[in-house]
Amino acid sequence: MCIRDRVTEAVSIAVSTFGRIDTVVACAGIPWAQRTVDREGNPPNLDAYRKVIEVNLIGTFDVVSKAAAAMSRNEPNADGERGVIVMTASVAAFDGQIGQAAYSASKGGIVGMTLPLARDLGAVGIRVVTIAPGLIDTPIYEFAPPELKEGLAKSPVFPKRLGYPAEFAQLAESIAENAYLNGEVIRLDAAIRMAPK
C-alpha cells in the first residue's frame, strides 16, 4: 500500500472511530544534507532532493487535504468552525544552513502554503496554522553523539537547551483552542537564528 493510500485509510479510520476529525497535526519531516555542488564540482543526487520534497511538502499537503475533506463534513460550532489543521515547518524555512537546500525548500513550502490554505479552507470553517520549531529533542537526534546534542543545546538564546516535545504539543493544543488564530506561522525556537553551518 502506498503512502497516499495509507493517509486515506488513516483519515477513514479516524472518522469511523471517533465520528469526526476536529484537529490534525501534520509532522512530516525527513532530513537530508547535501551541498549544491560537492568538493569535486559534481551536482547533488536529485532523487534524494525529490524524496525530501515528496515526504515533507507533498506528504504534508496530502494529509492536510484529506483531513480537510473529512473536516468539511463536520457539524460546525457556534463560530462556524469545523476543524483546525496544524502543520509543521522548521526554522530552516527561514535560516537554512549549508547543505539544507532540500530540507529548507520543503519546510519553506509549508510556510508558503499556510496563508493560502487558511484562505481556501476558511470557506468551510477550517483554520490552518503552522509551527516552525527549532531544535526539539526528538528521535532525529537518537543516533547523534552526545557532544553534538550538547553543542546544539548551546545555540538557542534562552533557554539554553533543546526544546521538549511536550512544548511543541502544548503549542499545538493552544492553537487548537484559540479560535482566532489562523493563517499564521509561529516559531518555537527559544529565539535561535541558525548559523550558516
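R187 counts as partly exposed, at 25% relative accessibility; here buried means under 20% relative accessible area, exposed over 50%, and partly exposed in between (1.4 Å probe, protein chains only). A salt bridge is a side-chain nitrogen of Lys or Arg within 4 Å of a carboxyl oxygen of Asp or Glu.

The pair also belongs to a network of salt bridges that links D95, R187, D189 and R193.

## About the model

This is a predicted model: local features need pLDDT of at least 70, side-chain atom pairs count only at pLDDT 80 or more, and totals for chains, interfaces and linings use all residues. Residues are numbered from 1 along each chain as its sequence is written, and side-chain values use heavy atoms, leaving out hydrogens and water.

## Pairs along helix α2

Searching the whole structure turns up 10 salt bridges. Which residue does D47 pair with? D47 forms a salt bridge with R50, with 3.1 Å between the closest N and O atoms. They sit 3 residues apart in helix α2 (residues 46-71), so about one helical turn separates them. Helices are DSSP runs (H or I, at least four residues), numbered from the N terminus. D47 is exposed at 53%, while R50 is partly exposed at 47%.

K66 and D62 also meet in a salt bridge, at 3.0 Å from N to O. These residues are 4 apart in helix α2, again about one helical turn. K66 is partly exposed, at 22%, whereas D62 is buried, at 11%.

Note on methods:
Helices (H or I, at least four residues) and strands (E, at least two) are DSSP runs, numbered from the N terminus.
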